[in-house]
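Visitor: I have a structure open and would like to go through parts of it. Can we start?

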Amino acid sequence: MKTGTMVVSGAGRGLGRAVAEHFAQGGWRVIAGARDPGELPRGEGVLAAELDVLDPQSVAALATAVGMAPVDVLVNVAGVFDGPGATLDDVRREEMMEAFAVNALGPLELARALLPALRQGRGSLILNVSGLMGSIGLNKDGGNYAYRASKAALNAISRSLALDLADEGIGVVALHPGWLDTDMGRSWRDPHDQHDMVSVADVARDIQRLLEDPATDREGRLIDRHGTVLPW
Ligand SMILES: NC(=O)c1ccc[n+]([C@@H]2O[C@H](COP(=O)([O-])OP(=O)(O)OC[C@H]3O[C@@H](n4cnc5c(N)ncnc54)[C@H](OP(=O)(O)O)[C@@H]3O)[C@@H](O)[C@H]2O)c1
């Protein structure tokens, strides 16, 4: 496996934890962030960091700790979901704002804070974990206003970041990881959904393949875990 330094948010559980473990086991230096560092995986290659993406001071503290040390890949995984089948009646201003703050602003602020370190990396990449539900083109069910709108905003942010950072050789990916076998994924029980859940270990391997594949879109488009570009 190609190695380097990676920063992962939301690394205490779910996909973020699996990504941190997979790359640390593959020889990467992984700076793993979680609100409760006690939840982070331990072991060679993992540097535990306290990180709450809702707290600008926490983001700034992580960036200060990293300093100018090169970061090759930032994986923005931390995310919140408004629950399965959240309806128009369920829309709450605070929940909308929190979803925006975690799912859209969080990745943007972390990427901007880590730019000095990403500029030192080799072929650096910002990988924002988005989701199919952020696609306006693929929205056939409605509902989930907070989650859908915040992930659509993350898709827009990913594209702007890609355009703004292209001259510096920093690529951006907005990834739909699939329906995950995690706390968030298991809360979604759709009897009509024929697709199987995917394990986070498999998605971590897919992310490795995407990082290593020169054909992977780095221009901020929404792609699935096999690298296929999806409609915004
Ligand atoms: N699950 C799916 O089927 C699915 C599908 C498409 C996209 N996604 C996206 O994939 C990503 C990972 O999802 P998952 O299924 O692994 O979710 P999960 O099991 O619910 O884990 C969510 C992670 O986000 C962290 N987080 C939430 N708010 C945070 C904050 N303010 N600061 C820092 N970390 C915060 C959580 O930390 P705590 O432990 O501290 O709460 C946890 O580590 C998310 O962005 C999600 O939207 C998931």
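Visitor: Which way do L125, L127 and V129 point from β5, and which way do I126 and N128?
Guide: L125, L127 and V129 point one way from β5, and I126 and N128 point the other way. All are buried, where buried means under 20% relative accessible area, exposed over 50% and partly exposed in between, with a 1.4 Å probe and protein chains only. This is a predicted model, where local features need pLDDT of at least 70, side-chain atom pairs count only at pLDDT 80 or more, and totals for chains, interfaces and linings use all residues. Residues are numbered from 1 along each chain as its sequence is written, and side-chain values use heavy atoms, with hydrogens and water left out.

Visitor: Why is β5 largely enclosed?
Guide: Five of the five residues of β5 (residues 125-129) are buried, so the strand is largely enclosed by the rest of the structure. Strands (E, at least two residues) and helices (H or I, at least four) are DSSP runs, numbered from the N terminus.

Visitor: What does β5 pair with?
Guide: β5 pairs with β4 (residues 73-76) in the parallel sense over four bridges, and five bridges join β5 to β6 (residues 171-176), also parallel. Two strands pair if DSSP finds at least two bridges between them. I126 is the bridge partner of L74, and in β6 the bridge partner of I126 is V172.

Visitor: How does the chain cross from β5 to β6?
Guide: The chain goes through helix α5 (residues 145-165), in a right-handed β-α-β crossover. Right-handed means that, with the strands pointing away from the viewer, the path from the first strand over the helix to the second runs clockwise.

Visitor: New topic. Which residues of α2 are buried?
Guide: In α2 (residues 56-66), the buried ones are S58, V59, L62, A63 and V66. Seen down the axis, they fall within an arc of 135°, so they line one face of the helix. The arc is that of the directions from the helix axis to the C-beta atoms.

Visitor: And what does the face turned away carry?
Guide: That face of α2 carries the exposed residues P56, Q57, T64 and A65.

Visitor: What about T182, buried or exposed?
Guide: T182 has 9% relative accessibility, so it counts as buried. T182 is in the loop between β6 and α6 (183-186).

Visitor: What does T182 touch?
Guide: Leaving out residues up to four places away in sequence, T182 touches G14, L15 and V200, contact being heavy atoms within 4.5 Å.
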